[in-house]
2 protein chains.
Amino acid sequence: MVYVIGVGLTKVGNHWDKSLRHLAAEAAIAALEDASIEDVDYIVVANALSGVINAQENLASYVATHLGMVGVPAVKVEAAGASGGAAIALAKSLVLSGAADKVLIVGVEKMTDYTSLEDTTSALSTFIDSEYEAFPGGTLESMHAMMMRAYMKKYSVTKEEFSHLPLLMHENASTTPHAQLRFKLKPQSYASSPVIAEPITMLDLAPVSDGAAAVILSKDKGREGNVEIVSSGQATDTISTYRRKDLTQLPSVRAAFKRALEAVPDFKPDFYVIHDYSSVMGYVEVEELGLAERGKASQLFSSGEAKREGSTPINPEGGLKARGNPVGATGVYQMAEAFLQITERAEGWQVPGAKSGLVLSVGGLGANSVVHLVRGV
Amino acid sequence: MVYVIGVGLTKVGNHWDKSLRHLAAEAAIAALEDASIEDVDYIVVANALSGVINAQENLASYVATHLGMVGVPAVKVEAAGASGGAAIALAKSLVLSGAADKVLIVGVEKMTDYTSLEDTTSALSTFIDSEYEAFPGGTLESMHAMMMRAYMKKYSVTKEEFSHLPLLMHENASTTPHAQLRFKLKPQSYASSPVIAEPITMLDLAPVSDGAAAVILSKDKGREGNVEIVSSGQATDTISTYRRKDLTQLPSVRAAFKRALEAVPDFKPDFYVIHDYSSVMGYVEVEELGLAERGKASQLFSSGEAKREGSTPINPEGGLKARGNPVGATGVYQMAEAFLQITERAEGWQVPGAKSGLVLSVGGLGANSVVHLVRGV
């Protein structure tokens, strides 16, 4: 068994006053304090963009150094937006194999910084095929735009119907203390949002975010009421969108979910943490998780079912859309937030009676997916 | 137990005709063929510079896609020059924890390519502290230069005495089919080598290299004569050179070695694979491994002891210096080469009677070290 015994997180936002190292240390120290421990056997750093944005690699040693944990074995894990979820999966194996009793996972991303590439859009485009998609002018956002267009056409969905996800995410984030965009949206704001890549508009997308989150995994349960990672599943899909057979599906999400369920086929989460990098991606994800029929996800979000008090709470903290998306750190945020829900410490954003959850992290346009199933113990 | 059941590698060199994806696939397919298998449960990609040099992240999905292994769970591991060694350590835990029965580790680096940063030197400088060392003008090479100067001063060693490592490495590489620099050096070539960062000259340093290597780990032994990873150890040191107490030592190498020995205190390798990114670093490494007294490493290399037929064979394939250093792939090369030695397939570069070995991978200026102890089974 592997348990989460402590978490820490920074506010998500544009932290012009904090560098990569400060964010990582702030979250990690908070997690160590939360778990009431001072040492770990291993550090896994989750990050996706420090090379291209911060001109900094060798990130595991970098984080260990600035944490005052020099000597501790450490490694960095990258899987685009799924970096955090993948780092937790590997850390789990480190504990289960006996290589470490306690592992500190630090997810960190500092997007508002000097960038080696031209801009944040170029940095994010390292997640698609650089030679065949990015160099000819494609961007990660334009791939999401193709997905939205295909979805609209296949299911006769209007652009307005995508508003339900961002509206709910902003509503949820408005009461989440560490969220980046703590304001509610009006339907007319969505309708007049500027175009990023037709038909994707600004309010369909997660913002540019800085932030760090940390989670400590342990083979021992620690204090009463901690959280167990019951099962995990991972899967890849083609990095290149042009190789996909159907742009309205995310087979890696489906496969990761299926693998996670293999060990616990009857697992029923009380809430879902999904990876809503764009509104359409959030819709396809809930469809792959079996929460809505194909093409019908908007109803899940518009009906109230996906609210914290609904039958199928989704992203009670506000999701990538409004909590924010410090890319390589996001999966660690998701796990930390699931922990806070299950331990009833999600003050202001609590799902009533949440005892178990599903956490989904996705890299690129579904190129890499990780699912963790968690429950209180 | 965890076994290496197959390996594959490309020639190391400047492959202007092959991209990152082609190199990765070539090595991986060779390893699968070598192990006589078609499928694995997990792919771990070892790479350090694809973000800053190739503008490509999400590398695990990228490699899985181009291998025709879409769907298989995959992740990228980065630890600068120790990426390969760290990837193998994590893959070992995936096997031991039961998360995977067979793991494909693909190390790949394509350094001769478009680079998001100015040049290869800038790319390598992402391994030192970007804000406090690289931005003010420091480079990875200049940190090695400080190490060499400190070593020369402390032990009254002349510049000429550093020639013994490059001379032996080039001699070894001259008969290694996949090596990058297959020519012998004359002492006068070393003496007249151009200065890179005083007192470091070109022939002290590993070249700029492209290459990929793959290793398959399995919980089952497979065919007779495969190799077991007996024990592993990892440790970090400060990423920043200015924080070190003594530039003539590499405490992370010492600590990783000590941790690897804990489970097998009497382990005596028949040969050593070290991470000679520079001649002085190679010297300090063999001193940390207890193969030479402090300040005396040059004698180990000049006396003939470190030759393939000597009492303490070191880098029989030619080391980073002459086999080449495709950075993130190097640790996987080292493991693949140890496997070929122990299985007596190192044609032209065989250490007579090699049954066990030590593999040391180092990131940055000793910021991250990984030691694997291996033996034939």
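The expected span of a helix is taken as 1.5 Å times one less than its number of residues, helices (H or I, at least four residues) and strands (E, at least two) being DSSP runs numbered from the N terminus. The structure is a predicted model, in which local features need pLDDT of at least 70 and side-chain atom pairs count only at pLDDT 80 or more, while totals for chains, interfaces and linings use all residues. Residues are numbered from 1 along each chain as its sequence is written, and chains are lettered from A and ligands numbered from 1 in the order in which they are written.

In chain B, the 15 residues of helix H1 (residues 20-34) should span 21 Å at 1.5 Å a residue, and this agrees with the 21 Å between its end C-alpha atoms. H1(B) is mostly covered, with 11 of its 15 residues buried; a residue is buried if 20 or more other C-beta atoms, placed from the backbone, lie within 10 Å of its own, exposed if 12 or fewer, and partly exposed in between. Among the buried residues are B:Leu20, B:Leu23, B:Ala27, B:Ala31 and B:Asp34. The buried residues of H1(B) pack against strands S1 (3-9), S4 (102-110) and S7 (210-218) and against helices H2 (50-54) and H3 (59-66) of chain B. Just after H1(B), B:Ser36 adopts a positive phi of about 55°.

Between the chains, 53 residues of chain B are in contact with 53 residues of chain A, contact requiring C-beta atoms, placed from the backbone, within 7 Å. The elements giving two or more residues to this side of chain B include H2, H3, strand S3 (74-78) and helix H4 (83-96). H3(B) gives the most, with 6 residues. By class, the side of chain B that touches chain A holds 27 nonpolar, 21 polar and 5 charged residues; Ala, Val, Leu, Ile, Met, Phe, Trp, Tyr, Cys and Pro count as nonpolar, Asp, Glu, Lys and Arg as charged, and the others, Gly among them, as polar. Strand S3 (residues 74-78) of chain A pairs with S3(B) in the antiparallel sense over 3 bridges, pairing requiring at least two DSSP bridges. Within this pairing, A:Val77 stands opposite B:Val77.

Chain A contains 14 helices and 11 strands. Its radius of gyration, taken over C-alpha atoms, is 19 Å, close to the 21 Å that the globule rule gives for 377 residues, so chain A is as compact as a globular protein of that length; the rule is 2.2 Å times the number of residues to the power 0.38. Of the 377 residues of chain A, 66% count as buried.

Conventions: Contact = placed C-beta atoms within 7 Å.
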